[in-house]
Amino acid sequence: MATGKEIRSKIQNLESTRKITKAMEMISVSKMRKAQDRMQAARPYADKVRSIATHLGQANPEYVHPFMKTNEAPRVGFIVVSTDKGLCGGLNAAIFRAVIQKMRGCQAEGLAMDAVAIGHKGFGFLKRVGLPVVAHVTHLGDRPQLDKLIGPVKVLLDAYARGELRAIHLFYTRFVNRMKQEVVGELLLPLSSTAMREQVAMREQVAIHEQVQAAESNGGVGHKTWDYLYEPDAKTVIDELLIRYVEALVFQAIAENMASEQAARMVAMKAATDNAGHVIDDLKLVYNKTRQAAITKELSEIVSGAAAIAV
């Protein structure tokens with residue numbers, strides 16, 4: 001049985017740990033708010049690029065960009081977005097499970113795989129499972145910069161444009177709220193014109209509804225029409241726009257993953273703080289029982305000694 005001194009030492013260590021986890025929880029709350037603001041700020045740009053790319057594709061059916069073509073190559077590409085640091089619960093483990101599941105499906109089809117790792121944890125995971133990492137980027141910080149992401153992502157984009165990859169899959173965690181994050185494994189390339197039109201139509205309905213309400217409040221109803229002038233030509237514009245579109249999707253995924261990371265870390269640190277408190281309470285109870293037993297033993301020895309002297 002542990003002595004009183006050992007129990008006091010354990011209590012002090014746990015109290016120090018609880019202070020650290022509480023501080024990390026508060027830091028995660030602050031960082032999560034900033035990451036959530038950046039995530040929401042990036043959404044309008046991604047939505048607008050998606051809308052313009054879809055309308056340009058419909059306006060020029062005679063030209064099909066390589067990103068919208070289906071290749072028959074024997075390889076696929078993975079873009080795995082993870083965190084640089086740990087202590088965020090099972091966030092990374094859930095992403096890695098989705099990657100492993102997709103890897104098994106590709107292996108069953110006889111397809112080889114290349115990967116791009118975004119985040120230190122994902123880079124280590126891909127090396128452990130033996131998946132070839134053609135490019136990686138780590139230590140993005142709290143404010144990811146698009147210029148640091150273009151190079152690694154462009155390796156797979158160029159390979160797909162050359163017809164060397166059949167598809168590119170993107171794995172990340174979507175931020176839903178503070179208590180819920182969803183693992184997403186979506187097909188990045190080839191771009192599906194049908195899926196793009198459905199997403200744009202849904203978002204435009206929401207935007208039109210808001211415009212109608214605003215126009216009615218001003219006494220009239222407005223309506224948008226699409227009309228483009230291409231400079232220098234439609235092909236050049238579509239080529240550049242679709243590249244920006246794919247980059248915007250990857251950047252949005254990273255912003256979502258960072259917000260999810262801080263939310264998961266906040267929940268994990270809060271659970272650690274609460275658990276430390278419960279363990280401290282249990283150890284204090286054990287310490288009081290041990291101390292009481294020691295006092296009772298001393299009293300019984302004193303009484304026994306006094307009784308022996310009296311005899």
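Tutor: A search of the whole structure finds zero disulfides, a disulfide being a pair of cysteine sulfur atoms within 2.5 Å. This is a predicted model, in which local features need pLDDT of at least 70 and side-chain atom pairs count only at pLDDT 80 or more, while totals for chains, interfaces and linings use all residues. Residues are numbered from 1 along each chain as its sequence is written, and side-chain values use heavy atoms, with hydrogens and water left out.

The part to look at is strand β1, residues 75-81, where helices (H or I, at least four residues) and strands (E, at least two) are DSSP runs numbered from the N terminus. Six of the seven residues of β1 are buried, that is, under 20% relative accessible area, with exposed meaning over 50% and partly exposed in between (1.4 Å probe, protein chains only). The chain crosses from β1 through helix α2, residues 91-108, to strand β2, and this β-α-β crossover is right-handed: with the strands pointing away from the viewer, the path from the first strand over the helix to the second runs clockwise.

Strands count as paired if DSSP finds at least two bridges between them. β1 and β2 (residues 112-118) run parallel and are joined by seven bridges, with F78 having A115 of β2 as its bridge partner. β1 also runs parallel to strand β4 (residues 168-177), to which four bridges join it, and here I79 stands opposite L170. In a regular strand the side chains alternate between the two faces of the sheet.

I79 leads on to the largest nonpolar core, which has 34 residues; such a core is a set of buried Ala, Val, Leu, Ile, Met, Phe, Trp, Tyr and Cys residues joined through side-chain atoms within 4.5 Å. The residues that touch the most other members are I79, I118, I168, L188 and L189. Among the elements that give two or more residues to this core are β1, β2, β4 and α6 (234-310), and α6 gives the most, with ten residues. Leaving aside neighbours within four places in sequence, I168 is in contact (heavy atoms within 4.5 Å) with residues that include G77, I79, L156 and L157. Apart from this core lies another, of 17 residues, among them V80, I95, M103 and A117.
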